[in-house]
Amino acid sequence: MMRRVLFALLAAAVMLSGCNKKTEKAAIDAEDMPDNEATAENEPVTFPLEGKIIVIDAGHGKNSYNKEEKIAPDSDETKIAFASGTAGKNQSEEELNLSVALILQKSLEDLGADVHMTRTAHESDMANIDRAEFANELGADISVKIHADGSNDSRVHGVSVLVPGSGHISDKNVLSESQKAGGLVLEEFVIATGAYNRGISVRDDLTGFNWTKVPIILVEMGFMTNTEEDALMESSEYQGKMAEGIVRGLLRYFENADDGGD
């Protein structure tokens, strides 16, 4: 009986000794591990658009208002403040603009951007001056206006990007940055969608441009009066491609700005 007890105690001592050696080895291995490997799980994740304030303005919106507003602070010319926009076979421009704007919002937020929407529903009481001042008050890095086009000629199709001209804006930085962002977004939009490139259009007559104090662009995604293009823009897949092109263009714009490029 005594031999069995002694044998059991001896076996337990051997097992404990082995466990202690394994524990010591693990501790030594942890000490030898490079700091970047030991703390990799605790390193903060960085996002390419973190800290960027972006306003997304889904063009138009439903309302019952009927008023006019000055096209620029230095002009007495007025235009209607609320317009219904164009329409396709199964959706209005207001509906299309909002659908793409919401996709764009999520994509930009996933990249770390601080996104502010002029509207997230079909109804909106924000006129063009209101939308410009909304971005101004936020000190936005850029304002992106989402629209679709229409024409009396159903053959006309393609994407264009509108940027402000110097007719009512004297801030050269706003003008140059808007031009830069517009070119990059147009280029990436065409790559993502395969749409016909109608180029950059400089406009002095848009109220939403003339009241801005921050870089601003307006994307005319395509013609809802063109049967083929209207059908494309109605599909969720193509809407995703359009949003993707805008995001890629903005990424390039901010990357260029952060690197101090021209």
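Biologist: How much space lies in the largest cavity?

Modeller: About 40 Å³. Keep in mind that this is a predicted model. A cavity here is a spot where a 1.4 Å probe fits but cannot get out.

Biologist: Which residues line the largest cavity?

Modeller: The lining consists of D57, T118, N128, R131, A132, S143, K145, G208 and I216. By class, that's two nonpolar, four polar and three charged residues.

Biologist: Which elements give two or more residues to that lining?

Modeller: Those are α4 and β5. Helix α4 gives the most, with three residues.

Biologist: Where does helix α4 lie?

Modeller: Look for residues 128-138: helix α4 lies across β1 (53-58), β4 and β5 (142-149). Angles between axes follow the N-to-C directions and run from 0 to 180 degrees. Helix α4 runs at about 170° to β1.

Biologist: Now the sheet. In what order do the strands come?

Modeller: Trace β4-β1-β5-β8-β6-β7; these six strands form an open sheet with mixed pairing. At the edges sit β4 (114-117) and β7 (197-203), each pairing on one side only. From one strand to the next, the twist averages 20°.

Biologist: Let me zoom in on one pair. How many bridges join strand β6 to strand β8?

Modeller: Three, and the two strands run antiparallel. Strand β6 covers residues 159-164, while strand β8 covers residues 216-223.

Biologist: What stands opposite S160 in β8?

Modeller: That's E220.

Conventions. Residues numbered from 1 in each chain as written. Predicted model: local features only at pLDDT ≥ 70, side-chain atom pairs only at ≥ 80, totals over all residues. Heavy atoms only, no water. Pairing = 2+ DSSP bridges. Helix = DSSP H or I, 4+ residues; strand = E, 2+ residues; numbered from the N terminus. Contact = heavy atoms within 4.5 Å. 1 Å grid on protein atoms, 1.4 Å probe; cavity = no way out; pocket = protein on both sides within 12 Å on 5 of 7 lines; lining within 4 Å. Points joined across faces, edges and corners; volume = space filled by probe spheres on them. Nonpolar A, V, L, I, M, F, W, Y, C, P; charged D, E, K, R; others polar.
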